[in-house]
Each structure stands twice: as C-alpha cells, then as structure tokens.
Amino acid sequence: MIIRLQTAAGRDIPNGQDTEISAFERNWSAELPQTHPDADVFPGLSPTYNCHGLTFASRRTNIGEPDAIAHILADDRYEVIDRREARAGDIIVYSKDGEPTHSGIVVENESPLFVPWIWSKWGSGPEVRHTYLDVHPVYGKDHRFFRCRV
Amino acid sequence: MSLFTEAERRDFAGGFTIANVPISLWHWLDGHPAVRRVADLVDEDRVLDEFVRLIRGAERSEMVLAEAYALLAAMIAKRRRVGRLGPPPVDLGALRWGQQIWARARRDERSTGTAVIASPPPRLIFDQG
C-alpha cells in the first residue's frame, strides 16, 4: 500500500508498506542484543516502515528511494549541524558515496562527551536506541546531523 | 554447492535484512572479504552458474536472496577489474534491487571516464567520522 507523503514544498515522496516479517528476520533480530550489547533493542518488528519512515514519516511507511531523502532534506529545510550541537529531535543521516543508507532521530547528547544516542529502525527489524557509530556496517560510518528549520 | 561458507551466507542475510536501499547493500557486499575472495578466485562462468541456480530456484529465503546479491556483487567486481561492465549477463528481474545495483555500477563506471553525458541524480555530500 502507498500513502500520500509530501515534503513541505508539495513534492510527492515514493513510499510503500510491506506486510510480512519472515522467520529469519525474527531470529536475526532476536540476536541483536548479543551482537550490539551496548544498544537497547526494543521488542516488536514491523514491516510497515523502515528507518526513513520512522525519521520522516511517523512510522507510517517505507521510504526507499535515495533521491527522496535528498528531496526531503532540501524541501523541509534541514540544515547540517555539528555533532556537538545535536539535540533531541535533530536527525542523523548515514550515507555511502553520498547516498543515504540509514537515518535516525537524536534522543540524547550530553556534555562533555557529546556522543549522541540515536533512535532508529534497522530495516524490517526492531527499533534500536544506539550510539551514533554503533550501527551495522551495511549502513556505513559516514554521517551528518541535521536540524529541521521548517 | 555454494561458493560461500554457512557463516558467510548468514552474514550476508543479516545485512540483506536490514539494508534499506540498494546502494548500501551493494557497497557493503563489494567490500565483504568473502565476496572479494570469490571475485579473486572463481571464474565468471562459475559465479554466473551459481547465481542463476539461486535466482531460478524455488526457495526465496533471506539466505538465498542475500547469497544471490553477494554473487552479483562478485560478478560486478570481476567485470570492473577487466575493464568494462557491459549489460548484465542474465535477467536480474528476479532480484528486487538487481537491476538498480547493476545500473548504479554502470553509472559509476561511466562517471570515471572522460566523456560523461548524463548528469547524476541529486546527491548529498557527507563527511567522514
């Protein structure tokens, strides 16, 4: 199913909702607390939305087109901020060769260390609270923090 | 018989499960030691045979699909090493992201040449670290 999703500039964002969670996804997600022991893995899987759906669409749908994230960031006036400036509600976007691979929401970033904690969703798997560099290598380590100015 | 170990196949499946976009899956597989090993040591016909066996099989589990993507990444790596990627050697329609990955690899190949005609889509510039 597709929902109507638009940027502040009225641009349509392609999206879609999946409906199934496989046995492998359940089993693999159950192992995340062991593979990422410092992260908080929350129970419950949903194929309805992915990480970008959590960050930009209130858990309603999957956003998979890399260009769509660039359009959202531009149209909704997201501005790059320094890691130390990031506050709860700001976002992080991970990338590979300039294309967004993952995103999440900053939930905590305390001085003096300024190691932001991120709330994100890992594919079809669970929502995870993790430090900003504690992600699966499929997402890469390149990242930027953004604040919405709309 | 698979070109990968059970542990490698399981690792692929984990990455496949949480990859949100084709580019991240492909780049991760492209740098994966097991994919590099296959790209280095196995001839293209053997890689292609195994790829076709997987995508034409009845099983569509994460383990099978992720392994097929790993073989696709190995095929791309092998062809890039000899110079030209060209069109895909087999229909990639059985893989949801297969055509996108091959197209992206070809686009990267063109963008490193001297005569770039098409403009790339909008991209973001990210810092490291």
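This note sets out points on a predicted model of chains A and B.

1. Overall make-up of chain B. Chain B contains six helices and zero strands. Along the sequence the pattern is α-α-α-α-α-α. Of its 129 residues, 39% count as buried. Among contacts in chain B with a separation of 6 or more, 69% join residues 24 or more positions apart.

2. Length of helix 1 of chain B. This helix covers residues 6-18, which is 13 residues.

3. Buried residues of helix 1 of chain B. The buried positions in this helix are B:Glu8, B:Phe12, B:Ala13, B:Gly14, B:Gly15, B:Phe16, B:Thr17 and B:Ile18. The cover over the buried residues of helix 1 of chain B comes from both chains: it includes helix 1 of chain A, and also helix 2 (22-30), helix 3 (33-41) and helix 5 (62-82) of chain B. As background, an α-helix has 3.6 residues a turn, so residues three or four places apart point the same way.

4. Packing of helix 1 against helix 5 in chain B. Two packed helices are described by the angle between their axes and the distance between the axes. For helix 1 and helix 5 of chain B, the angle is about 95° and the axes are 8 Å apart. Helix 1 and helix 5 of chain B are therefore roughly perpendicular to each other, since angles of 65 to 115 degrees fall in that class. Helix 1 of chain B contributes B:Arg9, B:Phe12, B:Ala13, B:Gly15, B:Phe16 and B:Thr17 to the contact. Helix 5 of chain B contributes B:Glu62, B:Met63, B:Leu65, B:Ala66, B:Glu67, B:Tyr69 and B:Ala70. By class, this contact has eight nonpolar, two polar and three charged residues.

5. Packing of helix 2 against helix 5 in chain B. The axes of helix 2 and helix 5 of chain B come within 9 Å and cross at roughly 70°. That angle makes helix 2 of chain B roughly perpendicular to helix 5 of chain B. The crossing of helix 2 and helix 5 of chain B is right-handed. On helix 2 of chain B the contact is made by B:Leu25, B:Trp26, B:Leu29 and B:Asp30. On helix 5 of chain B the partners are B:Tyr69, B:Ala70, B:Ala73 and B:Ala77. The residues of this contact divide into seven nonpolar, no polar and one charged.

6. The interface between the chains. In all, 31 residues of chain A are in contact with 24 residues of chain B. On the side of chain A that touches chain B, at least two residues each are supplied by helix 1, helix 3, helix 4, strand 3 (91-96), strand 4 and strand 7 (142-148) of chain A. Strand 4 of chain A gives the most, with four residues. The residues on this side of chain A divide into ten nonpolar, 14 polar and seven charged.

7. Surroundings of A:Asp18. This residue lies in the segment before helix 1 (23-30) of chain A. A:Asp18 counts as partly exposed because it has 14 C-beta neighbours inside 10 Å. Leaving aside residues up to four places away in sequence, A:Asp18 touches A:Pro47, A:Thr48, A:Asn62 and A:Ser124. The C-alpha atoms of A:Asp18 and A:Thr61 are separated by 8.2 Å, although the two residues are 43 residues apart along the chain.

8. Backbone points to check in chain A. Most residues other than glycine have a negative phi, and most peptide bonds are trans. A:Ser58 is not a glycine, yet has a positive phi of about 55°. A:Ser58 sits in the loop between helix 3 (51-57) and helix 4 (66-75) of chain A, and counts as exposed because it has 10 C-beta neighbours inside 10 Å. A:Arg77 likewise has a positive phi, near 55°. A:Arg77 is in the loop between helix 4 and strand 2 (78-81) of chain A, and with 14 C-beta neighbours inside 10 Å it counts as partly exposed. The peptide bond from A:Ser111 to A:Pro112 is cis, with omega near 5°. A:Pro112 belongs to the loop between strand 4 (99-108) and strand 5 (117-121) of chain A.

Technical notes
Residues numbered from 1 in each chain as written. Chains lettered and ligands numbered in written order. Predicted model: local features only at pLDDT ≥ 70, side-chain atom pairs only at ≥ 80, totals over all residues. Buried ≥ 20, exposed ≤ 12 C-beta atoms within 10 Å, placed from the backbone. Contact = placed C-beta atoms within 7 Å. Expected span 1.5 Å × (residues − 1). Nonpolar A, V, L, I, M, F, W, Y, C, P; charged D, E, K, R; others polar. Axes fitted to C-alpha atoms, helices over the stretch in contact; angles between N-to-C directions. Parallel < 35°, antiparallel > 145°, perpendicular 65-115°, else oblique. Left-handed = near helix turned anticlockwise from the far one by under 90°.
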